[in-house]
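Dear colleague,

I am passing on the structure below, and I would be glad if you could look through it before reading my notes, which follow directly after it.

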Amino acid sequence: MSAPAPLAAGPTAQHHVLATVLFAVVVLVTLAITLRAGRRSSAADDFYVGGRAFSPLQNGFAITGDYLSAASFLGITGLIALYGYDGLLYSIGFLVAWLVVLMLVAELVRNTGRYTLADVLAVRMRQRPVRAAAGSAGVVVTLLYLVAQMVGAGSLVALLLGTGDGPARSWTIVGVGALMVVYVTVGGMEATTWIQIIKAVLLISGTALLTTLVLVRFHGDLAGLMRAAADGSGAGPAYLEPGLRYGATITSRLDFISLGLALVLGTAGLPHILSRFYTVPTARAARRSTMWAVGLVGCFYLMAIVLGLGAAAIVGSGAVRADDPAGNTAVPLLALELGGGAATTGGLLLFAVTSAVAFATILAVVAGLTLASAASFAHDIYAWALRRAGRPKVTERRELLVARVAAVVVGALAIALSLYAQRLNVAFLVGLAFAVAASANLPTLLYTLFWRRFTTRGAVWAVYGGLVPAVLLVVFSPVVSGGPESIVSGVDFHWFPLENPGLVSIPLGFLAGWLGTVTSRRPADPDRYAELEVRSLTGAGAV
């Protein structure tokens, strides 16, 4: 099959109208779910974890909906369409990460925690310092992840409405931010979970449909699809080999290793993923939820590979890059062509439905992220870290009020940051969030669960020893300045050569935790570690 011709026309006025109608339907349905769930979100258990009343299957779909973000549906397929083999590495990293979650984290976190990661640490550590550190890291990680989702929303609506990079794209980001605040403040975890379940079903069904259409187009010949993708990419055989994005220089090879570490290790430290294990009644249910999620996520990423190759083969990498240099609109453009083109009814319907599914994907993920960030601030920082010794405990009602206010503040911060990051690929942005999570949260969590000598100082040092270097290295990297796609244009103050800080910041997090422990004047309490060990392995005393 020869290389595709350039697209004759993009989305038309009809596409814009139908897509807008479907967007409105998605918003109305999700708001109806939110209002219905909001009537039962008056208690902390209801607001933070949905009353722990979800089944493993329901939670497995919800985890899938929470995890498969705009980075998965829009970013990864776009990277595969543009960079072939090197883009494929993102999907492998995101999938392999679940083995770490399944083997090391799921059951143990469910048995030892209540609402957040800091609850696990506080079982054997002093409350105030570890909650302040873990809560701060949770807010930073979720903010970075939120920026990626909202940038994806801006790219999607700019394509649908034909507005380019104008004010409409910025207003879309503001609108998504406002919706996510409503979802969280009104509906809490129950509304968020049901939105994620519905989104997961829509996303996997829509992806399966597009994958089937791509395979039918090539008569099931995967080799033919790959050859056509290589032709359509403009890079020839190099498209199917390592090195198109990573590997040309030593720096790019190190960047690839850094990215791989961040993707594989970061999932187990993501606050919004860890909080999902608390929405089921038992540790066994948490493990079964994770197994469902592994299967669903695995199926999705296999299909995403086909879609990325299909976009290169059918749409053409040049056309994808011309529409969005970061590749975030590859899937909607592919849907348009698979339906018959911009002038056909089939293209109109498939394009609009695919775009609506992508929009639902973004809304579901931002709701989960905002809730996790609000919980980190209200439950860990406000209720514990900021409470002075001798003062009475914060009431549950006041904590929930602070959580809702925190959701508004987090939404505003995410909107402000997203407006400056619109030129970056969403999968790349998520890779940064994974790097920070793997640097700050994962070392602390693993040390707490498995190292008997680990101390409060070690926990605090591990969090800040991973968090601060990761954030600083991003600030002084080509992501922020010094490159054509940098957030700040026209200036160059970068000195760190890698785009992803994981290669440096993840080892620093583990090193800081070890150093803080061996220099601690107060040794670890063996009785509290024994309590943690029994509770994590057996569930005795679990909430």
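Tyr-67 touches, beyond the residues up to four places away in sequence, a group made up of Ser-72, Phe-94, Ala-97, Trp-98, Tyr-145, Thr-267, Ile-273, Val-297, Tyr-301 and Phe-434; please keep in mind throughout that this is a predicted model. Tyr-67 also belongs to the largest nonpolar core, which has 148 residues, and it is listed there with Tyr-48, Tyr-90, Phe-94, Phe-277 and Phe-434 as touching the most other members. Helix H15, covering residues 345-385, gives this core its largest share, with 17 residues. Another core lies apart from it and consists of ten residues, including Ala-118, Leu-121, Val-130 and Ala-134.

Helix H5 runs over residues 85-112, and its 28 residues reach 40 Å from the first C-alpha to the last, which is close to the 40 Å expected at 1.5 Å a residue. Because 20 of its 28 residues are buried, H5 is largely enclosed by the rest of the structure.

Finally, Leu-432 sits in helix H17, which spans residues 426-450, and Leu-432 counts as buried because its relative accessibility is 4%, where the cut-off for buried is under 20%. Setting aside neighbours within four places in sequence, the contacts of Leu-432 are Leu-144, Val-474, Val-479, Glu-499, Asn-500 and Pro-501. The C-alpha atom of Leu-432 is separated by 7.8 Å from that of Ala-262, although the two residues are 170 residues apart along the chain.

With best wishes

How values were computed
Residues numbered from 1 in each chain as written. Predicted model: local features only at pLDDT ≥ 70, side-chain atom pairs only at ≥ 80, totals over all residues. Heavy atoms only, no water. Helix = DSSP H or I, 4+ residues; strand = E, 2+ residues; numbered from the N terminus. Buried < 20%, exposed > 50% of the residue type's maximum accessible area, 1.4 Å probe, protein only. Contact = heavy atoms within 4.5 Å. Core = buried A, V, L, I, M, F, W, Y, C linked by side-chain atoms within 4.5 Å. Expected span 1.5 Å × (residues − 1).
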